Amino acid sequence: MRHRIGVIAGDGIGPEVVAEALKVVAASGVDLDVVDHDLGARRFLATGEVLPDAELEALRCHDAILLGAVGEPRVAPGVLERGLLLRLRFALDLYVNLRPSLVPPLDLVVVRENTEGVYAGEGGALRKGTPHEVATQGSVNTRMGVERCVRFAFQLAATRPRRHLTLVHKTNVLSFAGDLWQRTFDEVAAEHPDVATAYVHVDAACIHLVEAPERFDVIVTDNLFGDILTDLAGALAGGIGMAASANLNPARTGPSLFEPVHGSAPDLVGTGRANPVAAVRSAAMMLEFLGETDAAARITKAVADPVGLTGSTSEIGDTIAGRV
Ligand code: IPM
Ligand code: MN
């Protein structure tokens, strides 16, 4: 079965790592129909367009989307983040951001809520530029949004050998949002007697991640905590060049989006020093979600042993392709 994949290679090292990911997928024997979408800083600087509606509708028609990285220094912070990345997450209802860290001693998966929290964009500024300036940025947490994310996390934890799920939040201070998360978590837990549960405050979770990561199996957390925790977990698990992510629409009402956690690293462009492993792993997560479990497993296995994954971007891609 051929899969129709929208590719947003993007800027900086994005196209370099995506090329290696597609090379590895081809070597795995899976057939992809690839449709390129010219989005990111290059398009924005040339045309002023970030994500035209027609492009969004075209992206909606794919089986999945593979994204390299977007952004470069000439584009103001927030333009592509809000206008492209977050718009895609919200418009395609990619409500779970799944981020595994599978490099010993870490063997954990973070289920990050991906459509709410402070990312929702609630808030504003008053009296801007005056001494009385006010800025608010609210955290939006809906029962529906929290529950569907928590349910996904329990279902995932139930499939893993340890069957353990930790809620990470800051319930001691964020008493409204934390209360909604904790109650929802406890209610869904009652439906999953097979899954052991724990709760850890986000600050303590940072300590545990560094000192005792074996405490964790699956973590479920809100959007911003998940953003920060997965950078930390990525740094601990071989560096951000290894960290993959899946922005999932588990209801499958549209395509899911797969992307490395790292950015466009403009300083590395053309040097051959970009690590394609995160993009390759993201492509493996894409194949897994598309039901190509065998190819996904072979790719995941091929990158599990970092020994030998050295050399330039394309040499690493060749080595992985040879292993699958
Ligand atoms: C990530 C990134 C994004 C986020 C930014 C670029 C909007 O840091 O995917 O983790 O904060 O989610
Ligand atoms: Mn991030």
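Okay, a definition before anything else: helices (H or I, at least four residues) and strands (E, at least two) are DSSP runs, numbered from the N terminus. We put a 1 Å grid over the protein atoms alone; a cavity is a set of points where a 1.4 Å probe fits but cannot get out, while a pocket is an open set with protein on both sides within 12 Å along at least five of seven lines, and lining residues have an atom within 4 Å of a point.

Now some housekeeping. This is a predicted model, where local features need pLDDT of at least 70 and side-chain atom pairs count only at pLDDT 80 or more, while totals for chains, interfaces and linings use all residues. Residues are numbered from 1 along each chain as its sequence is written, chains are lettered from A and ligands numbered from 1 in the order in which they are written, and side-chain values use heavy atoms, with hydrogens and water left out.

Which elements each supply at least two residues of its lining? They are strand S4 (96–101), helix H5 (143–159), strand S11 (244–248), helix H9 (277–289) and helix H10 (293–304). H9 gives the most, with 5 residues. In total 31 residues line this pocket, and Leu98, Pro100, Val109, Met285 and Glu288 lie nearest its centre. By class, that lining is 19 nonpolar, 7 polar and 5 charged. For those classes, Ala, Val, Leu, Ile, Met, Phe, Trp, Tyr, Cys and Pro count as nonpolar, Asp, Glu, Lys and Arg as charged, and the others, Gly among them, as polar.

On to the second largest pocket, at about 570 Å³. Of the 28 residues lining it, Glu81, Leu85, Arg89, Val261 and Gly263 are the closest to its centre. H4 provides the largest share of this lining, 6 residues. The classes here come to 14 nonpolar, 5 polar and 9 charged.

So what takes up the space of the second largest pocket? That's ligand 1; a molecule sits in a pocket if more than half of its atoms lie within 2 Å of its grid points. Around the ligand we find Glu81, Leu85, Arg89, Arg99, Arg112, Tyr119 and Asp227, each with a heavy atom within 4 Å of it. Helix H4 (residues 79–91) brings the largest share of that shell, 3 residues. The shell has 2 nonpolar, no polar and 5 charged residues.

Let's look at the arginines. A polar side-chain atom of arginine 89 is 2.7 Å from an oxygen atom of ligand 1. For arginine 99 the distance from a ligand oxygen is 2.8 Å, and for arginine 112 it is 2.8 Å. On its own, ligand 1 exposes 320 Å², and the protein buries 75% of that, with areas from the Shrake-Rupley method and a 1.4 Å probe.

There is also 1 cavity of 30 Å³ or more, and the largest cavity is about 60 Å³. Its lining includes Arg99, Thr230 and Val261. S4 and H8 are the elements giving two or more residues to it.

Last, two backbone details. The peptide bond from proline 104 to proline 105 is cis, with omega near 5°, and proline 105 is in the loop between S4 and strand S5 (108–113). Arginine 127, in the loop between strand S6 (123–126) and strand S7 (134–137), has phi near 55°, a positive value in a residue other than glycine.

Terms used: Polar contact = N/O pair within 3.5 Å; in protein donor to acceptor, adjacent residues only side chain to side chain. Points joined across faces, edges and corners; volume = space filled by probe spheres on them.
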